[in-house]
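Here is a structure to walk through step by step. Please look at the fold as a whole, then follow the text below.

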Amino acid sequence: MHPDLPKLLDVQVKDRRLAELDTRARAIFAERATLDALLERGRAEVVAAERAVNDTARRRDEAEQKLATQRPQHEKRRQRLETERNPRVAAQLLADVELGRTILAQEESEWVRMADDVNARTVVAALANERVAAAEAEQAGARAVLDGRAAELAIEVASAQAERESAASQLDKTLRLRYDRLRKSRKNEILVPADNGTCTACYTTIPRSQIGPLQAEGILIDGCEMCGAIIYVAAAVV
Ligand SMILES: [Zn+2]
């Protein structure tokens, strides 16, 4: 048996473990992202609701300022009407005062509508804020559990990485380089057992010229001609 075969298989076992841990890390990340997305939606609702409050309040205040200048003008005309002796001018003033009163009444009721709108939107914004606070409180437990899982996982990853490094350091340098390169480029496993003269990664028949070396060494370091997997004989390592 080739002396590097058990070492390579050992590295592959350690890499399998690292891949499992990576899957668990991704799951934690995805769960956190789901919680974050929920809060972000709520926070966006708060921002929109508060913007609506500010916009409506600004329009209400503008209407109020307009009323503040119109009321004394109206009052002045009303007073002039009381003292006006010329009937023609008085008739014109009366028409102006009545029109002014109608306009003021319309604008005042418009102001009331805006003030009600501000109140209603303030309630909406407060509710949106409450929902976010409630969601944050509700998530606290789940987040604590996730943090705990992440912390445990980090310890496992650190020890798995150390074990992998120590296993890989046993390999011949060139072989390690090749293995690591294959690890980056291949989605599937790097070392695959031969089965009935075929590569079990791509099911290509191993050339007759390579069967001899494979049986002698228990491994084809050069790899499968088709897919690059390093082929070994399972029986060689039992
Ligand atoms: Zn293959």
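Start where two helices meet: the crossing of α1 and α2 is left-handed. A crossing is left-handed if the near helix is turned anticlockwise from the far one by less than a right angle, and right-handed if clockwise. The contact of α1 with α2 holds 38 nonpolar, nine polar and 32 charged residues. Here Ala, Val, Leu, Ile, Met, Phe, Trp, Tyr, Cys and Pro count as nonpolar, Asp, Glu, Lys and Arg as charged, and the others, Gly among them, as polar.

This is a predicted model: local features need pLDDT of at least 70, side-chain atom pairs count only at pLDDT 80 or more, and totals for chains, interfaces and linings use all residues. Residues are numbered from 1 along each chain as its sequence is written.

Helix α1 covers residues 4-83, and helix α2 covers residues 87-168. They pack at an angle of about 165°, with axes 5 Å apart. Axes are lines fitted to C-alpha atoms, for helices over the stretch in contact, and angles run from 0 to 180 degrees between N-to-C directions. The two helices are therefore roughly antiparallel, a term for angles over 145 degrees.

Now step back. The protein has five helices and four strands. These are DSSP runs, numbered from the N terminus: helices are H or I with at least four residues, strands E with at least two. From the N terminus on, the order is α-α-α-β-β-α-β-β-α.

What does the C-alpha trace span along its principal axes? About 130 × 35 × 30 Å.

Note on methods. Angles under 35 degrees count as roughly parallel, over 145 as roughly antiparallel, 65 to 115 as roughly perpendicular and the rest as oblique.
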